[in-house]
Amino acid sequence: MNLTLYFGIAVLALLGMPLFLVLLSIAGVGFSLADLDLIIIGIELYRLTDSTVLVALPLFAFAGYLLSEANTGQRVVRVSRAIMGWLPGGMMLIALLACAFFTMLTGGSGVTIIALGALLYPALTSSQYDDRFSLGLVTTSGSLGILLPPAIPLILFGIVAQQMDIAIDIIDLFLAGLMPALLMILALYGYGLWANRRQPIELTPFELREALSALKESFWELLIPVIILGGIFSGLLVISEAAAITALYVLIIETLVYREVGFKALVRAMRESMIMVGGILLILGAALAFTNLLIDAGIPTLLFNLIGDRIENPLLFLLLLNILLLILGAFLDIFAAIVIMAPLVLPLAMQFGIDPVHLAIIFVANMQIGYFTPPVGMNLFIASYRFKKPIMELYRATWPFLIVLLGVVLLVTYIPWFSLALVR
Amino acid sequence: AAGTVAMELRIATLLPDGTGEVRALRQASERLSAETDGRVTLRIFPGGVMGDDQAVERRIRAGQLHGSLVQSGALARVYPNVQILNAPFIFDSYDETDRLRAEFDDDIARELAERGIHTFGFIDGGFAYVMGHQPTRSVEDLQRARVWLPANDTFSLQVARAFGVSPITLNISEVLTSLQTGIVDTIMAPPTAALTLQWFTRVDYITDMPLIYTYATLYVHDRHMSRLSEDDRAAVDRILRETTEQIDANARENNRAAFEALLNQGLEHVQLTDTEIAAVRDKAGLAHEVLIREGEFSRDWHERLMSTLEDYRQNGR
Amino acid sequence: MKTGKDTHTGGFLGALGTIIQSLRTGFQRLEDTALVMVLLGMLGLAVYQIVLRNFFGYSLSWIDPLNRVGVLWIALLGAMVGTRLDNHIKIDLASQLLPVWLGRWIKRLVALVAALALALLSWHTWRLVEDERAWGMASVAGIPVWQLQLIMPIAFGIMALRYAWMVFFPVLTPTALPTEDLAREIGPGADRNTAAPRDKDAAS
Ligand code: NA
Ligand code: NA
């Protein structure tokens, strides 16, 4: 009977029941079977009000959507081209850096492909890059800056850890993400050079005047990371406040300085970013209820003993973790995966002596690959819409990039130094 | 009709797993099980996994939890006078807190019992002290400082206001970073908290004047106690009382040791002159008036508090 | 029943339909406005707090707790509007793999279960509100917590109604994407970003 119910919910999940309802249904069934009052679900949802850091999420998301309403994408690409265009594989490097930078500006709110895709894809093909390569590169790059501050997935991981009384400093997470992110960019660049080694590709010669003019044009937007990082690392602002200042700053420059976002577009950015962030937050709330069910039933302890008894080697544990996260990433959204899995994995990993900051990077880096693994890959879907290509063609285009990133993820997983050198 | 069925008393606490308190509770569970032939055990939810005080209180009403080990202030909504010993700047030494605990513990427990809360005793939380980047030698120093207070702690907020301090409210999780970066430069905390949360690494001075006496309590709601048979109830009451006493005694030692540990970590000891102590006490009197006016405790109990303390200081009893 | 005036909409029923339709539009505008207002409120309060702290050296203790409640409100209002647009994060293999006619029936089934689950959620969160009103004495920024919790039963109730509606009128969306904004990006105006960069060299 119990199994039938859970199985039913699993089937409904695959048939398209919203994820927050899937989690709440599992929690509801679990609590009912344990003879507990379903009022607990409301108690858990209200715990969304426990964390100050969460306030940063809507504010960063709003700023990100606002940037995608303006012509920020064009300016970012222009600056990249003016400064990097002369390098071998220049246009490719431009795509990588512009995507990483834009994702960084927007906190990884998933708008990169929408904002840059239609700009970079034709730019790449017109620079004589092969069509499939270009498509794969742009689709892959959409998730590149996800480890760079103010990475929303990293913030979310920190929140989950703090809710479990594990002291993780969000700033440490930001520092830890820098080298792995750089490594990913370099690896993709290297692969791109190799893949196009026989392809004659023209370069954009460096012109100081164009470079300065491009820098001048996007001056106000280039200040955004300075404000975020400066505010946080100088200690003037806590994370939620840095988010508020960023949102206010972006609001001012796009409406008053660049004057590209009119009233209607502004309202649209507010509404749509809040729909997205509301969805994520509700999943987080539902995951709280789901986690509470697990705790109430003593599952973490059980899992703990089960794995602790059978696996002693931390490397083996990490390997299992990689596989598990990749499988989850194939199905789940990055935010959902973090809020559901982090509470289970954190205590286990700490028992194996894995630094929680390193774990956060492993988690997000693995999940980043999930952005373009079938069946559920946000980047694949968005790219499919944006470029009007069938999903299957995108699978074919992205898999070599996926292998490259997977290599980096393994490096980052097994060599903690990449994550921890700047932190510990 | 109190059942004789097996029952798992579910107790939550913010204290992390592995602390002395949580270990003592687990031992109590084993004793209980042995003495009730397995009819009653404890299930401990440590580390705040059940949420903050309010979430725990809601869960107890919903029956998911039965009791909790919390700072006494968490019960202030049920009975404000549980906070009476939290009145700021009244104590000089642990001897005085012992005298006042002897005076008040039983009465507080009785009042809570009348409101459906079965307590097993109170646990020493130690004194909270002022610590900071710069020395706090006077009320004026405190008024100039960037003082941290937890958000939504009305009691502390009233005290701060009475002292003319404009506090900066932040979440506990943000305190460490904010101390480092200077968003706040002064905190008030018991030494144990300063040690476990690593705050001591970001402050240089500690003012040697106990600010507030903190204490915790272990309780189970009557609604859930009454489901036990009379014998089992007696066993639970006896064993948990003994456990609480034991935790209380250990806690006192820990709190003294924590203070010493802070000094050993290189925090500089700031002594107040007699004039400054008098000025602080003066302000404290004002703060007490504010707390009475805002309903944080009653005037009767406050008078009794001050006269007992006076009596003890004059006559040593 | 013909009143002569509403000839093309069909008299009383037509008038009723018009009224219901405008109520619906009004309500949708209301929830969109509420969602945007919560965001602006959070932004405004957070900025105000920063100014107070950095220029006046103190902070208002109620701002942070109130902004944290804003997070809950955004979660529920956002999900409410998201339901209206059938825009939730989901796994949704079915719509990718199954034929359209079957997909439609599956959509109905899922909507039915969702409506029931949401109705239950609405009921139990309403019980939480009542419990809090009777026993809880907590407040945030002077507002009793039960009033702040009220958004839960309301939002779940509305979502339940919307899914119930979908049982009869399933909306077909090809994937689990934020469809509306994407549709706009790809539809009219999609060429905004595709347009040639305002290249100064090209112009000259
Ligand atoms: Na992205
Ligand atoms: Na995926």
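B:Arg10 and A:Asp296 form a salt bridge, with 2.2 Å between the closest N and O atoms; the term means a side-chain nitrogen of Lys or Arg within 4 Å of a carboxyl oxygen of Asp or Glu. The structure is a predicted model, in which local features need pLDDT of at least 70 and side-chain atom pairs count only at pLDDT 80 or more, while totals for chains, interfaces and linings use all residues. Residues are numbered from 1 along each chain as its sequence is written, chains are lettered from A and ligands numbered from 1 in the order in which they are written, and side-chain values use heavy atoms, with hydrogens and water left out.

Over all chains, the count by this rule is 44 salt bridges. B:Arg10 lies in strand 1 (residues 7–13) of chain B and A:Asp296 in helix 14 (residues 263–296) of chain A, so this pair joins two chains. Helices (H or I, at least four residues) and strands (E, at least two) are DSSP runs, numbered from the N terminus. Both B:Arg10 and A:Asp296 are buried; buried means under 20% relative accessible area, exposed means over 50%, and partly exposed is in between (1.4 Å probe, protein chains only).

## The interface of chains B and A

Chain B brings 24 residues and chain A 29 residues to their contact, where contact means heavy atoms within 4.5 Å. The two chains bury about 1900 Å² between them, and 50% of this is on carbon and sulfur atoms. Buried area is the accessible area (1.4 Å probe) that two parts lose on being put together, summed over both.

Two salt bridges are counted between chain B and chain A. There are also six residue pairs in polar contact, both residues being at pLDDT 80 or more. A polar contact is a pair of N or O atoms within 3.5 Å; within protein, one must be able to donate a hydrogen and the other to accept it, and residues adjacent in sequence count only if both atoms are side-chain atoms. Strand 2 (40–45), helix 2 (53–62) and helix 6 (175–181) of chain B each supply at least two residues of the side that touches chain A. Helix 2 of chain B gives the most to that side, with four residues.

## The interface of chains C and A

In this interface, 77 residues of chain C are in contact with 75 residues of chain A. The area buried between chain C and chain A is about 6700 Å², with 70% of it from carbon and sulfur atoms.

The rule finds three salt bridges between chain C and chain A. A:Glu241 pairs with C:Arg53 in a salt bridge, their closest N and O atoms lying 2.6 Å apart. A network of salt bridges links A:Arg271, C:Glu31, C:Asp32, C:Arg84 and C:Arg162.

## Salt bridges within chain B

B:Arg31 and B:Glu242 meet through their side chains in a salt bridge (2.8 Å, N to O). B:Arg31 is in helix 1 (residues 20–35) and B:Glu242 in helix 9 (residues 230–264) of chain B, so the pair ties together parts 211 residues apart in sequence. B:Arg31 is partly exposed at 32% relative accessibility, and B:Glu242 is partly exposed at 35%.

B:Asp232 forms a salt bridge with B:Arg39, and the closest N and O atoms are 2.8 Å apart. B:Asp232 is in helix 9 of chain B and B:Arg39 in the loop between helix 1 and strand 2, 193 residues apart. B:Asp232 is buried, with a relative accessible area of 2%, whereas B:Arg39 is partly exposed at 27%.

## Two buried residues

B:Leu218 lies in strand 9 (residues 212–221) of chain B and counts as buried at 1% relative accessibility. Leaving aside neighbours within four places in sequence, the contacts of B:Leu218 include B:Ile11, B:Leu25, B:His118 and B:Phe120.

C:Gln149 lies in helix 5 of chain C and is buried, with a relative accessible area of 0%. Not counting residues up to four places away in sequence, C:Gln149 touches A:Tyr46, B:Arg58, C:Leu128, C:Val129 and C:Glu132.

## Helix 16 of chain A

Helix 16 (residues 314–331) of chain A has 18 residues and reaches 26 Å from its first C-alpha to its last, close to the 26 Å expected at 1.5 Å a residue. The expected span is 1.5 Å times one less than the number of residues. A:Asn313 caps the N-terminal end of helix 16, with a side-chain oxygen 2.8 Å from the backbone nitrogen of A:Leu315.

Among the buried residues of helix 16 are A:Phe317, A:Leu321 and A:Leu325. The buried residues of this helix pack against helix 15 (299–310), helix 17 (334–351), helix 18 (356–370) and helix 20 (391–414) of chain A.
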